[in-house]
Amino acid sequence: MRLPKFEYFEAETLQEAVSLLSKHKGKARGLAGGTDLLPKIKRRVTEAQVLVNLQGITGLRSISEEGGVLKIGALTTLGEMEESPLLKGNLSALAEAALAVGTVQLRNMATLGGNLCQDTRCLYYDHSHLFGQPVWEKCFKRGGEVCHLIKKGKKCFAVYSGDVAPVLLALGARVRVIGSAGERLLDLSEIYSGRGEQAYTLSPEELIAEIHVPKLSPSSYGAYVKYRERGSIDFPIVGAAAYFTVDKDLIKNASIWLTSVGSAPVEAVKAEAVLRGAKISADLIEEAARQAHQEIAPFPNHGYSVWYLKEMVNVFVKRACIKVWEDAKGGQA
Ligand SMILES: Cc1cc2nc3c(=O)[nH]c(=O)nc-3n(C[C@H](O)[C@H](O)[C@H](O)COP(=O)(O)OP(=O)(O)OC[C@H]3O[C@@H](n4cnc5c(N)ncnc54)[C@H](O)[C@@H]3O)c2cc1C
Ligand code: SF4
């Protein structure tokens, strides 16, 4: 499958990238590792007449700590995250999430910015659009009026499947975004629209420059667990991230985020409420996982039923919490 013709630019600065994206608004895309974008363009799932390569921009490929805030440049690869000495100890869940993405070849190219902004996925939509068109009537994601997945659906149910976002969200991360109107610092959750057909709130010329993770209490512990079909390569069917701040066996704060259950990462707020302020125990974790099972309504976009996906939410929230508990016990011993 060949790439269609496109105009190609190599930006040397963020400002240059932003002005190129702005000049070709609606037709241009920023290209980072290309592991999500290029296969989609090849399959004609995504259209781009102009590609602006971001890889030449200096200063966006590092992991550093300033005043307790961890700063990760958007062009940092997932492979670099896996190996960073700064993503150890109670930040190792971030490295684990990076390691859970695809294969080693993908992680050597794939960037954090691209991972956070990857397109939402759909069983019906993510096939070559070179053949079979117009067998499928255009669905919401292509500007049509139907959804093939949920027959009477009034919106797109494509799922966001990034592995790293749930961990960053559980950590309360913020993103520094650069656009033609200047710079903004947003909560990471604000970049997700929750709409499968247009998953991001950023305007077409805006780029993420940096991800900021606020200072973490030494008594915070986290985990990321992922359920997938093939351990060697697959996107998550369900991914669960959990972070607890503890005082001995008391949970002072809890944050639980899931991926691959909706068009944006989803917070399990009722499960968090069960955990917050309570004494940690196996029964408590069971109850939190039960709450997550009740509150999360996964989109059946993996070929699995909603019933089964809800069961997996229960299992993987439980696993994430148990992992955090074990780490907390080890850390306080
Ligand atoms: C076989 C296969 C398996 C995969 N498995 C997984 C998996 O298990 N888990 C997972 O999470 N992902 C998976 N992916 C998807 C993809 O590899 C990752 O999401 C990767 O991190 C994307 O990063 P990239 O740098 O290659 O992004 P690109 O493909 O370059 O870009 C992706 C999108 O993000 C936008 N973008 C890139 N950088 C920025 C920025 N700084 N600011 C704003 N927008 C930006 C681009 O314009 C584009 O729309 C898989 C892909 C393949 C092909
Ligand atoms: S879920 Fe979205 S992409 Fe998939 S068929 Fe429905 S509208 Fe199209």
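Predicted model: local features only at pLDDT ≥ 70, side-chain atom pairs only at ≥ 80, totals over all residues.
1. The ligand is surrounded by 32 residues, a residue being counted if one of its heavy atoms lies within 4 Å of the ligand. The closest of these are Gly-30, Gly-34, Thr-35, Thr-111 and Asp-163.

2. A backbone N or O atom of Gly-33 is placed 2.8 Å from an oxygen atom of the ligand, while for Ile-208 a backbone N or O atom lies 2.8 Å from a nitrogen atom of ligand 1. A polar backbone atom of Asp-234 is 3.1 Å from an oxygen atom of the ligand. As for the ligand's surface, ligand 1 taken alone exposes 990 Å², and the protein buries 90% of that. Two or more residues of the shell come from each of the elements β2 (28–31), α6 (112–116) and β8 (207–213).

3. Where does the shell stand in relation to the domains? The domain assignment gives domain 1 (1–57) and domain 2 (220–332), and each of them supplies at least three residues to the shell around ligand 1. The centres of domain 1 and domain 2, taken over C-alpha atoms, are separated by 35 Å.

4. Strand β2, which contributes to the ligand shell, also belongs to an open sheet of three strands, in the order β1-β3-β2 and with parallel pairing. Because β1 (7–10) and β2 stand at the edges, each with a single partner strand, one side of each is left without a neighbour in the sheet. From one strand to the next, the twist averages 20°. The pairing of β2 with strand β3 (residues 50–53) is in the parallel sense and extends over four bridges, and within it Ala-28 has Val-50 of β3 as its bridge partner.

5. A separate point concerns strand β6 (residues 174–179) and strand β7 (residues 182–187), which run antiparallel and are joined by six bridges. Together β6 and β7 form a hairpin, with two residues between them, and in this pairing Val-175 stands opposite Leu-186 in β7.

Conventions. Residues numbered from 1 in each chain as written. Chains lettered and ligands numbered in written order. Heavy atoms only, no water. Polar contact = N/O pair within 3.5 Å; in protein donor to acceptor, adjacent residues only side chain to side chain. Areas by Shrake-Rupley, 256 points an atom, 1.4 Å probe, with all protein chains shown as cover. Domains from an automatic or database assignment. Pairing = 2+ DSSP bridges. Axes fitted to C-alpha atoms, helices over the stretch in contact; angles between N-to-C directions.
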